[in-house]
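Let's go through this structure together and ask, for each label, what number stands behind it.

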Amino acid sequence: MSEEEKTRQLEGPARRRRPRLGLALLGLGGLCIIWMPLVLYLKEFAHFSMAFGGVVIGLIVLGCAVLGWIYPSRVQVFGAVGMVFSILSLMGAFGGLIIGMLLGITGGCLCIAWGPKPEKSSRNRSRSKGRIRRLFSRSEGSEHSTGG
């Protein structure tokens, strides 16, 4: 399936089916990762370079969440990048007290695993209706045979 077809498939009602939970967790993880080095820098416990690195990593994770929301056809790539930078945040920002790293990894995994729901074709619907009719006809037939 080409990218154009994939994007066209995601427009309309399918567009509502973004991995909202995954993107929300990824964005929340990015905010936690940004928060940790800023607090340490403002309290003057950390050097500027460590705080700057942590903020950049957190902004990348947060940016992956925002871009995944804007471009749902590429959400798997943004989820993978966000997950890698969430792991790297352990070195630069102590992973946002590890909570940000875990939220980023969980959100990235949900984004990677996400896929649009396939549309049910009319053929599948008619098959399932036929199965249900056969099931009911069997149960009605068995009632008549046992009751008679």
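Q: Which helices each supply at least two residues of the nonpolar patch?
A: Those are α5 (94-97) and α6 (99-113); helices here are DSSP runs of H or I with at least four residues, numbered from the N terminus. The model is a predicted one, where local features need pLDDT of at least 70 and side-chain atom pairs count only at pLDDT 80 or more, while totals for chains, interfaces and linings use all residues. Residues are numbered from 1 along each chain as its sequence is written, and side-chain values use heavy atoms, with hydrogens and water left out.

Q: What makes the nonpolar surface patch?
A: Trp35, Leu90, Phe94, Leu97, Ile98, Ile99 and Leu102 make it, with an area of about 660 Å². The areas come from the Shrake-Rupley method with a 1.4 Å probe, and for residues only the protein chains shown count as cover.

Q: Why does Leu102 count as partly exposed?
A: Buried means under 20% relative accessible area, exposed over 50%, and partly exposed in between (1.4 Å probe, protein chains only). Leu102, found in helix α6, has 49% relative accessibility and therefore counts as partly exposed.

Q: What is the class of Ile98, and what is its phi?
A: Ile98 has 32% relative accessibility, so it counts as partly exposed. This residue is found in the loop between α5 and α6, and its phi is near 65 degrees, a positive value in a residue other than glycine.

Q: How do you know which side of α6 holds its buried residues?
A: The buried residues of α6 are Gly100, Met101, Leu103, Gly104, Gly107, Gly108 and Cys111. They cover an arc of only 160 degrees around the axis, so they lie on the same side of α6; the arc is that of the directions from the helix axis to the C-beta atoms. On the other side of α6, Ile99 and Ala113 are exposed.

Q: What span is expected for α2, and what does the helix reach?
A: The expected span is 1.5 Å times one less than the number of residues. Helix α2 (residues 20-42) has 23 residues and reaches 33 Å from its first C-alpha to its last, close to the 33 Å expected. Among the buried residues of α2 are Gly22, Leu26, Ile33 and Met36. After α2 comes Glu44, with a positive phi near 65 degrees.

Q: Where is Ala51, and why is it called buried?
A: Ala51 is in helix α3 (residues 48-70). At 5% relative accessibility, Ala51 counts as buried. Ala51 and Met36 are 15 residues apart in sequence and 8.4 Å apart in space, C-alpha to C-alpha.

Key:
Patch = residues over 30% accessible without salt bridge, like charges linked within 9 Å, V, L, I, M, F, W, Y side chains within 5 Å. Salt bridge = Lys/Arg side-chain N within 4 Å of Asp/Glu carboxyl O.
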